[in-house]
Amino acid sequence: MKTLLIRSLTLFHLALILHSCGLKDDPLVGEWEYANYRDTGTKERSTDSELPYFESYFMFSQDGHFLLCNYGDDDALLLDDVILIKEPSERRKKRIFYGKYTRQQDSIIFLKVHNYLLSDDIVLVEHSNDKRNLKFYIDLKQQKNINNRLFNYKKNNSIDLNRTTYTFLSTELNQWRNPAQQKETKDEIRARVKNSLEYAAAYLKVYESQDKSASLIFLTNLPFKFGRNGIRMESNTEWESLFYDLTDAKTSYKILADAFKASADIPNDLSRNPIGISIFILTELNKNIE
């Protein structure tokens with residue numbers, strides 16, 4: 001009996017060691033915000049270039065998923081040129097790319113985008129990462145001139161999404177991002193809406209569980225306006241672009257409007273918890289959609 005106990009403990013400790021090794025920290029994990037870029041191709045002295053009409057954020061998880069949000073009139077990363085399906089100009093001002101990333105060697109990062117059809121792979125060539133500043137080049141075969149731009153992103157937080165209960169970057173919670181290729185039934189539209197609500201609630205729960213302020217940048221393509229006292233529905237061109245046509249998009253708005261009408265009142269104990277209020281409302285909406 002004693003021998004079996006010792007053997008069990010040994011196996012348990014070995015499993016812990018292997019588990020810890022498998023969860024080796026990757027300095028890429030977390031949320032990054034665009035700071036500037038430097039043109040290294042000019043013969044003159046390189047200077048940092050600021051783009052007043054460009055915002056960009058990366059989110060990487062330990063299990064290989066990513067989100068990239070580009071916002072503004074400028075397109076410093078030049079990703080518009082590799083998107084095969086062209087869109088109205090107002091939609092190009094705000095894009096959120098979702099997919100999986102893989103490393104080749106230590107400095108080459110391949111981004112496989114799931115929710116846009118691209119003519120070229122997005123490859124980040126990492127120049128340096130000191131866990132506070134991530135500097136990289138982008139390798140786009142059709143845009144040779146971008147190879148001289150050394151981008152600098154600063155880390156906003158180091159939330160390890162793969163080690164939290166609410167893995168909002170999982171494939172299961174991001175099915176709603178894939179644009180419809182044909183007319184959808186009401187059940188299919190309802191499933192898309194519910195999946196987006198599950199994503200949004202999980203996203204906010206990560207920040208609530210770690211007592212951190214939540215950045216709303218990765219919720220901007222949802223048909224909601226988030227405030228300290230709750231959520232209201234509003235039209236959103238990024239949301240509408242997920243559907244085959246405007247009729248299907250209007251059906252999604254109707255589904256949400258009916259769910260809002262059936263929602264319970266916000267509990268008093270959440271009155272001073274803006275994130276908690278939003279999570280409660282999103283959960284209520286999801287529950288009310290049959």
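Mentor: Let us begin with a pair of facing residues: Tyr 37 stands opposite Phe 151 in strand 9. Please keep in mind that this is a predicted model, in which local features need pLDDT of at least 70 and side-chain atom pairs count only at pLDDT 80 or more, while totals for chains, interfaces and linings use all residues. Residues are numbered from 1 along each chain as its sequence is written, and side-chain values use heavy atoms, with hydrogens and water left out.

Trainee: What makes strand 1 and strand 9 a pair?

Mentor: Two strands pair if DSSP finds at least two bridges between them, and strand 1 is joined to strand 9 (residues 149-157) by 8 bridges, the two running antiparallel. Strands here are DSSP runs of E with at least two residues, and helices are runs of H or I with at least four, both numbered from the N terminus.

Trainee: How many bridges link strand 1 to strand 3?

Mentor: Strand 1 and strand 3 (residues 55-60) are linked in the antiparallel sense by 4 bridges, and Gly 30 stands opposite Phe 60 in strand 3.

Trainee: Why is Leu 216 called partly exposed?

Mentor: Buried means under 20% relative accessible area, exposed over 50%, and partly exposed in between (1.4 Å probe, protein chains only). Leu 216 has a relative accessible area of 37%, and is therefore partly exposed. Leu 216 lies in the loop between helix 3 and strand 10 (224-227). In strand 1 (residues 30-39), by contrast, 7 of the 10 residues are buried.

Trainee: Why is helix 3 described as oblique to helix 5?

Mentor: Helix 3 (residues 186-209) and helix 5 (residues 246-261) pack at an angle of about 60°, with their axes 10 Å apart. That angle makes helix 3 oblique to helix 5, because angles under 35 degrees count as roughly parallel, over 145 as roughly antiparallel, 65 to 115 as roughly perpendicular and the rest as oblique. The axes are lines fitted to C-alpha atoms, for helices over the stretch in contact, and angles run from 0 to 180 degrees between N-to-C directions.

Trainee: Which residues of helix 3 and helix 5 meet?

Mentor: Contact means heavy atoms within 4.5 Å, and Lys 186, Ile 189, Arg 190, Val 193 and Leu 197 in helix 3 meet Asp 248, Thr 251, Ser 252, Ile 255 and Leu 256 in helix 5.
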